[in-house]
Amino acid sequence: SMCRLDLFEYLIKTVEAVEKANKVHIQLILVGDFFQLPPIVSRSESKTYYARFNGIYPFESSMWGQLKMQTIDLHEQVRQKADNKADEYFIEALNHLRFNDEYAYTAIKYLNDQCLRKNDDPNATYLCGFRRSADSINRKKLDELPTREVEFEGIRKGKIKPSEIPTGEKIDLKVGAKVMLVKNVNVGDAATPDYVYNGQQGIITDIYDDDTKAPQPSWFNSQEPAKWDKLDRKKENGVMVHFFANSMHDERDEFITW
């Protein structure tokens with residue numbers, strides 16, 4: 001559903017060029033649900049985009065009809081199973097939201113009523129629709145930590161827009177702060193790769209910078225002293241993160257240093 005009209009036309013033209021060059025016929029199977037998230041068009045390009053294409057969805061392209069596709073509708077709910085009345089209400093509410101019909105507002109109210117307004121779990125992860133909301137929560141949690149705050153500045157290579165960066169160019173960190181990876185990283189080598197993955201969570205256990213080294217928190221007991229010795233000898237800036245394998249409560253842990 002998020003495939004923009006211009007990308008769709010580019011892909012179709014590419015397929016047609018390959019067919020012509022190789023004198024073959026390529027079968028396409030397009031899978032998606034246009035009731036899901038719409039294609040993303042920024043404000044800066046919106047006026048030009050609509051003036052040129054007069055739409056954003058692939059089916060609004062003149063090339064859509066030229067493909068003479070056979071449409072197959074799937075009706076079985078796979079992601080949600082109606083095992084009880086609550087599940088049935090949930091599925092019904094989601095369908096009202098998909099179609100944005102006259103009951104959509106009632107569906108939103110129903111879903112909001114099911115949400116917990118109070119969260120006593122300190123390890124809970126907040127899902128935010130906007131980065132500014134996540135930044136506000138992160139700032140509040142960081143201010144609650146008594147440890148020293150250190151600012152790290154990222155490095156950009158190549159032509160990368162600020163909007164394409166998954167996190168801020170500058171980030172404030174403290175020992176004891178909970179962090180989450182935003183990309184997969186191989187912390188091993190080519191012969192024995194060892195990955196920490198996008199979305200994996202952990203806790204900062206140490207920070208070292210140009211001037212001083214943050215004190216080790218009293219609540220942390222390292223079971224790998226050799227790594228702490230190695231850390232003390234490092235001169236470049238970095239952090240040590242205690243990553244959890246699956247959750248904040250998982251016992252299978254590993255220490256990764258940058």
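Of the 258 residues of the protein, 24% count as buried. The model is a predicted one. Its accessible surface comes to about 20100 Å², and 53% of that belongs to carbon and sulfur atoms. The chain forms seven helices and eight strands. Among contacts between residues at least 6 apart in sequence, 54% join residues at least 24 apart.

**Helix 1**

Helix 1 covers residues 5–22, which makes 18 residues. From its first C-alpha to its last it reaches 26 Å, close to the 26 Å expected at 1.5 Å a residue. Its buried residues are Leu 5, Phe 8, Glu 9, Ile 12, Val 15 and Glu 19. They cover an arc of only 125° around the axis, which puts them on the same side of helix 1.

What does the buried side of helix 1 pack against? The buried residues of helix 1 pack against helix 2 (43–53) and helix 3 (62–66). The face turned away from the buried side carries the exposed residues Tyr 10 and Ala 21. After helix 1 comes Lys 23, with a positive phi near 50°.

**Helix 4 and its neighbour**

Helix 4 runs over residues 85–99, and helix 5 over residues 104–114. The 15 residues of helix 4 should span 21 Å at 1.5 Å a residue, and its end C-alpha atoms are 21 Å apart, which agrees. Ile 91, Ala 93 and His 96 are buried in helix 4, and the buried residues of this helix pack against helix 5.

Leu 94 also lies in helix 4. Leu 94 is partly exposed, with a relative accessible area of 24%; the cut-off for buried is under 20%. The C-alpha atoms of Leu 94 and Ala 104 are separated by 8.6 Å, although the two residues are ten apart along the chain.

**Positive phi angles**

Most residues other than glycine have a negative phi. Which positive value does Lys 68 take? Phi of Lys 68 is near 50°. Lys 68 is placed in the loop between helix 3 and helix 4, and it is exposed, with a relative accessible area of 75%.

Asn 100 likewise has a positive phi near 50° and is a residue other than glycine. Asn 100 is exposed, at a relative accessible area of 62%.

**Aromatic rings**

A pair of aromatic rings is described by the distance of the centres and the angle of the planes. The protein has nine aromatic pairs by the rule used here. Two of them are set out below.

| Pair | Centre to centre | Between the planes | Arrangement |
|---|---|---|---|
| Tyr 57 and Phe 59 | 5.1 Å | 15° | stacked |
| Tyr 89 and Tyr 110 | 6.3 Å | 80° | edge-to-face |

The Tyr 57 and Phe 59 pair counts as stacked because its planes, at 15°, fall under the cut-off of 30 degrees. Tyr 57 is buried, with a relative accessible area of 17%, while Phe 59 is partly exposed, with 40%. Tyr 57 and Phe 59 also belong to one aromatic cluster with Phe 8, Phe 34 and Trp 64. Phe 8 is one of the buried residues of helix 1.

The Tyr 89 and Tyr 110 pair counts as edge-to-face because its planes, at 80°, exceed the cut-off of 60 degrees. Where do its two members lie? Tyr 89 lies in helix 4 and Tyr 110 in helix 5, so the pair ties together parts that are 21 residues apart in sequence. Tyr 89 is partly exposed, with a relative accessible area of 45%. Tyr 110 counts as partly exposed too, at 26% relative accessibility.

**Charges over rings**

The charged end of Arg 98 sits over the ring of Phe 99, 5.4 Å from its centre. For Arg 132 the ring is that of Phe 130, and the charged end sits 4.4 Å from the ring centre.

Technical notes
Residues numbered from 1 in each chain as written. Predicted model: local features only at pLDDT ≥ 70, side-chain atom pairs only at ≥ 80, totals over all residues. Heavy atoms only, no water. Helix = DSSP H or I, 4+ residues; strand = E, 2+ residues; numbered from the N terminus. Buried < 20%, exposed > 50% of the residue type's maximum accessible area, 1.4 Å probe, protein only. Contact = heavy atoms within 4.5 Å. Areas by Shrake-Rupley, 256 points an atom, 1.4 Å probe, with all protein chains shown as cover. Phe/Tyr/Trp six-rings, centres within 6.5 Å; stacked < 30°, edge-to-face > 60°. Lys NZ or Arg CZ within 6 Å of the ring centre and 35° of its normal. Expected span 1.5 Å × (residues − 1). Arc of directions from axis to C-beta.
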